[in-house]
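Here are some exercises to work through with the model open beside you. Try each task on your own before reading the solution.

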Amino acid sequence: MSFRKEKKYRLTKSDFYILSSELDTLGMKMLFKKRQINSIYFDTKELQMFHDSEEGVLPRKKIRVRWYDFSNTYSKEIKISSIEGRYKTSNTLDNIDELVDIHNKIFFDQIYGYVYPLIQISYVRSYFELNNIRITFDENITYRRIGEDRCNSINDPEHVVEIKIPHDFQDDLLEKIIPYQTARFSKFCRGVLMLEKQISVT
């Protein structure tokens with residue numbers, strides 16, 4: 001099991017592209033071509049995963065089904081946050097033929113019990129690496145309640161940069177490379193909050 005440190009930066013559109021340009025001059029290299037990431041997040045009827053994430057409870061989980069671009073290959077992912085760090089498990093769902101099957105899916109978790117599809121989150125991600133730092137740039141973030149038409153989706157005005165570094169990577173060195181303050185940014189929690197007037201799990 002591989003633990004890592006993660007740091008996130010919430011940036012305006014202009015700062016987002018300024019940072020990308022500055023990192024290019026430092027030798028940042030593209031790892032993969034950009035792609036659209038789509039996820040449907042699950043939660044209990046009481047939104048216990050959301051509340052645990054907002055309160056910083058450890059350990060905690062996020063359960064989602066993820067697919068890329070317009071692929072019909074779906075994976076169930078569980079993100080676990082613990083005292084030791086964060087890690088993720090991923091398993092392909094062989095019994096999913098189309099998106100509507102996920103909308104009707106219910107999972108059972110040993111900690112949270114039954115969880116249900118809540119919101120869909122989509123965004124465009126670019127992948128880079130610099131000095132053993134994995135860097136992703138997320139833009140065009142949208143949130144949509146499960147069961148609602150695409151025209152009812154909400155666009156997030158902010159952009160996100162996320163880095164993954166080894167536990168022994170020095171923070172002062174990172175601050176010289178990325179001169180912005182870190183910020184908490186959970187797309188799942190932000191999506192729930194932005195849609196809170198519309199969401200009710202039934």
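**Exercise 1. Describe the strand neighbourhood of β4, beginning with the hairpin of β3 and β4 and the residue there that takes a positive phi.**

Solution. 

Step 1. In the hairpin of β3 and β4, six residues sit between the strands, and D69 takes a positive phi near 50°. A word on the ground rules: this is a predicted model, in which local features need pLDDT of at least 70 and side-chain atom pairs count only at pLDDT 80 or more, while totals for chains, interfaces and linings use all residues. Residues are numbered from 1 along each chain as its sequence is written, and side-chain values use heavy atoms, with hydrogens and water left out.

Step 2. Look at the pairing next: β3 and β4 run antiparallel and are joined by seven bridges. Two strands are said to pair if DSSP finds at least two bridges between them. The strands themselves are DSSP runs (E, at least two residues), as are helices (H or I, at least four), numbered from the N terminus. As one example of a bridge, V65 has K76 in β4 as its partner.

Step 3. Now turn to strand β5 (residues 86–92), which pairs with β4 in the antiparallel sense over seven bridges. Here T89 in β5 is the bridge partner of I78.

Step 4. The hairpin of β4 and β5 has four residues between the strands, and G85 takes a positive phi near 150° there.

Step 5. Finish with burial: strand β4 (residues 75–81) is mostly covered, with six of its seven residues buried. Buried means under 20% relative accessible area, exposed over 50%, and partly exposed in between (1.4 Å probe, protein chains only).

**Exercise 2. Which strands pair with β8, and in what sense?**

Solution. 

Step 1. Start with β7, which pairs with β8 in the antiparallel sense over 11 bridges. Within this pair, F128 stands opposite I135 in β8. Their hairpin has two residues between the strands, and N131 takes a positive phi near 50°.

Step 2. Strand β10 (residues 159–165) also pairs with β8 in the antiparallel sense, over five bridges. Find T136, which stands opposite E162 in β10.

Step 3. Strand β9 (residues 154–155) joins in as well, antiparallel to β8 over two bridges. N155 in β9 is the bridge partner of T142.

**Exercise 3. Take T136 and N140 in strand β8. Is T136 buried or exposed, and is N140 buried or exposed?**

Solution. 

Step 1. T136 has a relative accessible area of 8%, so T136 is buried.

Step 2. Beyond residues up to four places away in sequence, T136 touches R125, S126 and Y127, along with V160, V161 and E162. Contact here means heavy atoms within 4.5 Å.

Step 3. N140 has 54% relative accessibility and therefore counts as exposed.

Step 4. With neighbours within four places in sequence left aside, N140 is in contact with S122, Y123 and V124. Across the chain, N140 and S20 are 120 residues apart in sequence and 16 Å apart in space, C-alpha to C-alpha.

**Exercise 4. Work out how helix α5 is packed, and at what angle the axes of α2 and α5 cross.**

Solution. 

Step 1. Helix α5 (residues 187–194) is mostly covered, as six of its eight residues are buried. These are K187, F188, C189, R190, G191 and V192.

Step 2. The buried residues of α5 pack against several elements, including β1 (5–11), β2 (29–43), α2 (48–55) and β8 (133–145).

Step 3. The axes of α2 and α5 come within 10 Å and cross at roughly 115°. That makes α2 roughly perpendicular to α5. Axes are lines fitted to C-alpha atoms, for helices over the stretch in contact, and angles run from 0 to 180 degrees between N-to-C directions. Angles of 65 to 115 degrees count as roughly perpendicular, under 35 as roughly parallel, over 145 as roughly antiparallel and the rest as oblique.

Step 4. At this contact, M49, F50, S53 and E54 in α2 meet F188, C189, V192 and L193 in α5.

Step 5. Zoom in on C189 in helix α5: C189 is buried, with a relative accessible area of 1%. Leaving aside neighbours within four places in sequence, C189 is in contact with F50, S53, E54 and R184.
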